[in-house]
Amino acid sequence: MSNISRLCHAKQIVTVNGRFPGPTIYAREGDRVIVNVTNHVQYNMTLHWHGLKQIRNGWVDGPAYVTQCPIQTGSSFTYDFNITGQRGTLWWHAHIMWLRATVHGAIVIMPKAGVPYPFPKPVQEPEIILGEWWHKDVEVVEQQGSMLGLAPNMSDAHLINGKAGLFFPCRDMHTYALEVEQGKTYLLRIINAALNDELFFAIAGHNMTVVEIDAVYCKPFTTNAILLTPGQTTSVLLVANQVSGRYFMATRAYNDAPIPVDNKTATAILQYKGVPVTVQPIMPQLPAPSNTSFAMDFNVKLRSLNSPQYPANVPLNVDRNLFYTIGMGVNPCPTCVNGTQLAASLNNITFEMPEIGLLQAHYFGIKSVFTLDFPDNPPVTFNYTGAPLTANLGTSLGTRLSKIKFNSTVELVLQDTNLLSVESHPFHLHGYNFFVMARGIGNFDPAKDPAKYNLVDPPERNTVGVPAGGWAAIRFRANNPGVWFMHCHLELHTTWGLKMAFLVEDGTGSDESILPPPNDLPAC
């Protein structure tokens with residue numbers, strides 16, 4: 001626990017090595033990484049290495065009660081994994097309760113020694129971590145929401161590298177500044193570590209060139225702003241080619257749904273070398289908070305590099321078609337203030353977390369922990385994005401997994417629904433990257449929409465934003481055996497049960513089988 005003050009409010013927060021954000025892990029493609037974690041706080045803890053595929057090694061992936069049981073107070077666990085076939089910007093974070101609000105940091109994976117970037121070499125590569133701040137303890141905020149059966153309070157500010165900027169109280173001590181030199185090129189490794197908000201990011205007077213997303217190189221394109229859903233990373237080239245001065249970097253929420261979000265703008269400063277700090281920075285023109293056209297256009301521009309060295313191996317044939325509806329329902333809750341509780345669901349199933357790790361139960365053949373009957377399609381077909389539905393909003397509860405044949409190709413369409421309200425949903429798939437074949441507004445049409453798929457160079461990601469009142473289609477090859485979590489990366493919705501898991505069958509040879517568990521695997 002560390003004492004920290006932001007916006008003139010002091011409190012204790014959970015930190016790693018006393019730092020907020022936490023320390024950056026630097027490695028190279030092909031490295032073995034060993035992280036020793038000792039839990040000195042009163043909360044159970046797990047860490048997730050967001051976007052690392054953890055090939056055959058789900059034991060160290062990190063989501064509590066899915067691939068491991070938590071590290072209990074006073075105990076330790078060693079995360080031991082290889083970085084295979086990945087390079088770029090990823091991140092790590094707590095994966096239990098809402099603790100990732102303060103327990104998070106960057107993972108920077110450099111190319112193998114002697115391998116250049118497929119873009120101009122920068123002089124510096126700073127990490128820019130976007131986050132959220134609550135005056136209250138996030139665990140208390142989460143508990144209050146659960147007791148009321150309603151959405152917990154939104155954050156009090158956004159942050160850039162742990163600081164809110166000049167437009168908040170106690171601003172002088174809490175503004176991040178990046179010094180640059182005229183004419184030089186910088187690689188900004190930008191991470192959305194916020195719990196609940198999609199975020200725009202822009203720099204006054206400067207364009208950015210997007211070169212990598214979720215640790216995958218992409219076709220470069222220039223933009224005056226970028227959009228990241230929670231969990232996504234974007235690396236951009238910035239050329240310090242403007243008049244020497246001071247320029248604000250700024251972030252604020254994107255929200256095109258009729259629900260409240262934290263609409264405050266956090267700022268940092270791009271400081272040209274030699275310019276006095278008394279010079280007033282210039283503010284960028286961020287897209288409007290509900291600018292859906294910018295959001296859709298930005299995502300359309302994202303395309304895999306698809307070069308001979310970095311090909312896009314898009315599955316062209318599909319073995320398994322899945323269609324998952326995303327819903328917000330209401331279930332009875334005798335202990336809640338109003339007698340009901342908001343619930344989130346996929347195909348009308350609200351996921352119940354087990355009390356033992358799912359991978360552990362699968363590997364050791366422990367019965368009655370989960371079932372393998374998660375449906376491929378919703379139980380009822382309806383006008384998913386039509387008028388809001390107000391009746392029959394109850395969901396089914398269960399720990400139900402979807403069994404996937406090893407090495408099969410999977411297409412999954414994620415469809416938002418207007419149960420209570422449409423909302424955007426960033427979905428993260430553990431253990432895999434996937435190709436985002438297309439996104440759209442309205443109901444997915446299986447007869448017409450596949451014609452819109454990009455089969456040549458679609459973006460390859462680990463987290464996809466499903467538009468409010470829309471859909472996203474992804475494809476991946478199930479070549480990593482184990483139990484792998486898939487969930488909305490809005491912590492609010494994950495808490496309400498918007499999650500599931502895939503059981504990918506073991507292969508027939510020893511190379512495809514799951515590695516044995518570590519000796520110090522935490523017990524439940």
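How many nonpolar, polar and charged residues does the lining of the largest cavity have? Hold that thought for a moment, everyone.

First, some housekeeping. This is a predicted model, where local features need pLDDT of at least 70 and side-chain atom pairs count only at pLDDT 80 or more, while totals for chains, interfaces and linings use all residues. Residues are numbered from 1 along each chain as its sequence is written, and side-chain values use heavy atoms, with hydrogens and water left out.

Now, the cavity. On a 1 Å grid over the protein atoms alone, a cavity is a set of points where a 1.4 Å probe fits but cannot get out; a pocket is an open set with protein on both sides within 12 Å along at least five of seven lines; and lining residues have an atom within 4 Å of a point. Points are joined across faces, edges and corners, and volume is the space filled by probe spheres set on them. The whole structure holds one cavity of 30 Å³ or more, with about 50 Å³ of space. Its lining includes R87, Y117, F119, R189 and E212. Strands β12 (185-192) and β14 (208-213) each give at least two lining residues; strands here are DSSP runs of E, at least two residues, and helices are runs of H or I, at least four, numbered from the N terminus. And the answer: seven nonpolar, two polar and three charged residues. Ala, Val, Leu, Ile, Met, Phe, Trp, Tyr, Cys and Pro count as nonpolar, Asp, Glu, Lys and Arg as charged, and the others, Gly among them, as polar.

On to the pockets. The largest has about 800 Å³ of space and 38 lining residues, with M353, T494, T495, W496 and K499 nearest its centre.

Of its 29 lining residues, K53, N313, N433, F435 and E460 lie nearest the centre, and β30 gives the largest share, three residues.

Finally, the packing. A nonpolar core is a set of buried Ala, Val, Leu, Ile, Met, Phe, Trp, Tyr and Cys residues joined through side-chain atoms within 4.5 Å, buried being under 20% relative accessible area with a 1.4 Å probe, protein chains only. In the largest, of 44 residues, W49, Y79 and L358 touch the most other members. A second, separate core of 43 residues includes A202, L238, Y247 and F294.

Technical notes:
Buried means under 20% relative accessible area, exposed over 50%, partly exposed in between (1.4 Å probe, protein chains only).
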